[in-house]
Amino acid sequence: MTRWLKISWTTSVFAFLYGPLLVLMVFSFNQARYTTSWQGFSLKWYKSLINNPQLLDAFVNSLTVALVSSLIATALGTLGAFAVSRYRFAGRKLFFGLVYSVMMSPDIVMGISLLMLFVTAGLTPGFLTLLAAHVTFCLPFVIVLVHARISGFDPAVVDAARDLGAREQDVFFKIIFPMILPAVLAGWLLSFTLSLDDVIISFFVTGPGFEILPLKIYSMVKLGVTPEVNALCTVLFMLTLAAVSAAHILTKEIKK
Amino acid sequence: MNERQGFKFIAVFLNMGWFALFVLIPGLMVAGISFMTRDTGRFFSLPFTLAHYRELLDPVYARVLGQSLIYSLNTTIVCLMISYPFAWILSRGPKHRRALLLMMVIIPFWTSSLIRTYALVILMKANGIINTLLIGTGIISDPLTLLYTDFAVYVGLVYTLLPFMILPLYAVMEKMDPRLMEAARDLGANGFAVFFRVVLPLSLPGVMAGCIMVFLPAMGLFYVPDLLGGAKTMLMGNFIKNQFLTAMNWPFGSAASVFLLLLMGAMILIYFIVSRHFNRDEIL
Amino acid sequence: MPVVRLQNISKSFNNQQVIDDLSLDVHKGEFLTLLGPSGCGKTTVLRLIAGLETCDSGSVFIDGRDQTRLPACDRDVNTVFQSYALFPHMTVFDNIAFGLKLKKIPLRQIRERVKESLALVKLEGLETRSIHRLSGGQQQRVAIARAIVNQPLILLLDEPLSALDYRLRKQMRLDLRQLHRQLGITFVFVTHDQEEALTLSDRVVVMNHGTIQQTGTPKDIYETPVNLFVADFVGESNLFDATVIRTLGTDMEIRIQGISKTVQNRRGFHVGQAVKVLLRPEDMTVARIQGKCPEGSLPGRVKEMIYKGTTVDLIIRLENGQEVFVTEFFNEDEQEIFYDMDEPVCVSWIKGWEVTLANE
């Protein structure tokens, strides 16, 4: 009896979580315009997606921001994690506090605070402000992931490397970097995903000159749905799926 | 070791600098501007005033606050009710399956919640999937009004935030030593007692973490009521957004944001107290 | 010329003096053990030899040359770490070959030398194994192989056996002795286990609070400790308070628990001096006597008897309340080795078998 209960509870929850998404994906292939009927399998919405310059622009913009911000966040965050685990410096605790507060803060507060910063500083909202904002909310994830990995390994390993003849750069490139690589990659992938999918913070820090995909979808949904949105969402979802799966595999490496 | 010192300096400086510039300063601005006076030209100006905080207590605005709190509270409770058994079942399952099932929870967690909210729109529209199916199979004749209702907003909030409750709960439950429950049984506890006296207290830090991760965002997710709700539904998030983008009332918006931050602070404080009391582990 | 000479080394961490003006010579080819309780500084001494720490003052000479400021990567010294510190992302082969690769030795030679090392530690054929799939004992041997493959002048071992279970540890001790003989290089071994120190070493250095208490062969340390710390730390000991009453040339008469006894006077004690008499459990004698104890023996009652196969341990409660630990060897001829609880006995020892130290 309990077994049946367990199975039905878990299945229901998964059905709830994935159902709407699967429906969305299915209907992106619908020949018909409206979801009232199924008129056969078609790729026409994907085709019109490719032929829609506005959407393509927004897509490219989103990818660019995601790529650049994730790379910056990963580089900066790895350095930060390294510094925090190896060195003691003034304000270390404050640093940790700031890292965790970013992770916990509601997006809306981050969004408006950055808006106020940029406007007061006289900057026009656009690619750079968006980039800065994205790096900011991605950094903590990278730092936490890499720091966890670094803390996990035996400090004697570095001693052993030195004992066997390794110089500072040998230690970093042959020992430390390979060991933290899974965490660095996972951090990068997660940053990429976070950046690609962000709505609330981007809402406040980007300008009309630089359109990004989630906000484009937002306005499209509000104004009236064109079926291309279905196709677009499906594509984004598949990207997220790929990135998260890859990150998950890498995180399993970390557990070793 | 001068090379080492230089490297350390750059690493620390860059990070601290970034956080100072993009986190600390904006944070201080929010706090500071909340005490300023509204100025249509320059967004804010002296003198310092508490007027905006008093305005928050004004019945008109207090209603919005209160309503938002209620939405968040209900959402949190529903998420908890659904997630607790789910996380428990997942954590007690066979080891090899756990990794896969966990990843299946993580995927929606990372998927853009805008996309997921939009998927709900398709389902719940007047000519959406649900209505189409129900009418098509003859269960009802007129389409149900699912969209643009409070119900839709709740579905949207729960749908978006469910993984945020599942994951902390799962994290805590997975670490729970099964031998503790065995020991309780050995000492004479039946199913109920084991749950209420061992499992529940030990899972409390996870419950608290999950509640924080659902309650706070639930107040800020403005696009959910925007897409799924009626004209009257307004969360704190919508309210703050309006103050900044429509009303151009920075100090008032900041005051509301400070309120949100204080709420966050209070919840984190409770979390620390609870976790220290019941369990030495902290998962945040 | 000693292979390592530490001259007046001092080192402190966080304002705590860990090593205090220590000087030590390590002879070529010997198996030297640094023995002491945790916190005594023995690991720090090892790390100073390895070059992983630099001393605040003093000099470190290795093979006659001043290498005080030379970093670890340039010293001809290799370490086996307590936690093994194997590189988790590498196979057994890569771990062992690490040092050789850094020296740019050709691959063919590396392969041969790794094979030799693995054979020496009895782990042939495990080159391609990932280190996660090794048992604790195997990991430890890989750590040793990784160090010795570089043919260092000195091999340093930092409590390498502490994580192993009892049987493995005993086996490894023998293997280490064999390895030492096979390789012929100097071993410097750190442990807090005095049995280990006595079993393995040519010489033992007993340390406490950052200073050397005594240096000597295991026999020296065990039979003639120079102070109470060494006496107490190494082996079991019974300690008696006593006062010198008379000096008689190389002997002296002491008053111990109300009785007089003649013992050897090896350190020139004078009359009236308070001393501590140390006796190892196996050096004490126990006799069943009816009535009063003969001169020079202490009366008591048997409190506990523990049969251990080869020996019988006795805990005897003396009249003044002090408990004495006595070990008697099982003698097949003497049928009556078994004592009853509370049986009255007389405890004594043969003159000269005791160690008398000043009462610090």
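This section describes the chains, their contacts and selected packing details of a predicted model.

Chain A is built from helices. Its secondary structure comes to eleven helices and zero strands. From the N terminus on, its elements run α-α-α-α-α-α-α-α-α-α-α. The C-alpha atoms of chain A fill a box of roughly 70 × 65 × 35 Å along the principal axes. Chain A has 256 residues, and 48% of these are buried. Among contacts in chain A with a separation of 6 or more, 78% join residues 24 or more positions apart.

The order from the N terminus is α-β-β-α-α-α-α-α-α-α-α-α-α-α. Along the principal axes, the C-alpha atoms of chain B fill a box of roughly 75 × 70 × 40 Å. Of its 284 residues, 42% count as buried. In chain B, residues 24 or more positions apart account for 70% of the contacts with a separation of 6 or more.

Two pairs of chains touch, and the pair with the most contacts is A and B. Here 59 residues of chain A are in contact with 63 residues of chain B. Several helices of chain A give two or more residues each to this side: α1 (2-28), α3 (53-86), α4 (92-104), α5 (107-120), α6 (127-152), α8 (168-197), α10 (213-223) and α11 (228-254). The largest share, eleven residues, comes from α1(A). By class, the side of chain A that touches chain B divides into 43 nonpolar, eleven polar and five charged residues.

Phe95(A) gives a local view of this contact. The residue lies in helix α4 of chain A. Phe95(A) counts as buried because it has 20 C-beta neighbours inside 10 Å, and the cut-off for burial is 20 or more. Leaving aside residues up to four places away in sequence, Phe95(A) touches Val84(A), Met16(B) and Phe19(B). Its contacts therefore include residues of chain A and of chain B. Val84(A) is eleven residues from Phe95(A) in sequence, and their C-alpha atoms are 8.7 Å apart.

Chain C also touches chain A. In this contact, 18 residues of chain C meet 17 residues of chain A. On the chain C side, β6 (77-80) and α2 (92-102) each supply at least two residues. Helix α2(C) provides the largest share, three residues. The residues on this side of chain C divide into ten nonpolar, seven polar and one charged. Chain B and chain C, in contrast, do not touch. The nearest C-alpha atoms of chains B and C are 11 Å apart.

Helix α2(C) also packs within its own chain. Its partner is helix α3(C), residues 107-120. The two axes come within 10 Å and cross at roughly 125 degrees. That angle makes α2(C) oblique to α3(C). The crossing of α2(C) and α3(C) is right-handed. From α2(C), the residues in contact are Phe93(C), Ile96(C), Ala97(C), Leu100(C) and Lys101(C). These meet Ile110(C), Arg113(C), Val114(C) and Ser117(C) in α3(C). By class, the contact of α2(C) with α3(C) has six nonpolar, one polar and two charged residues.

One residue pair can be named here: Ala287(C) has Cys346(C) in β19(C) as its bridge partner.

Conventions: Residues numbered from 1 in each chain as written. Chains lettered and ligands numbered in written order. Predicted model: local features only at pLDDT ≥ 70, side-chain atom pairs only at ≥ 80, totals over all residues. Contact = placed C-beta atoms within 7 Å. Helix = DSSP H or I, 4+ residues; strand = E, 2+ residues; numbered from the N terminus. Nonpolar A, V, L, I, M, F, W, Y, C, P; charged D, E, K, R; others polar. Pairing = 2+ DSSP bridges. Buried ≥ 20, exposed ≤ 12 C-beta atoms within 10 Å, placed from the backbone. Axes fitted to C-alpha atoms, helices over the stretch in contact; angles between N-to-C directions. Parallel < 35°, antiparallel > 145°, perpendicular 65-115°, else oblique. Left-handed = near helix turned anticlockwise from the far one by under 90°.
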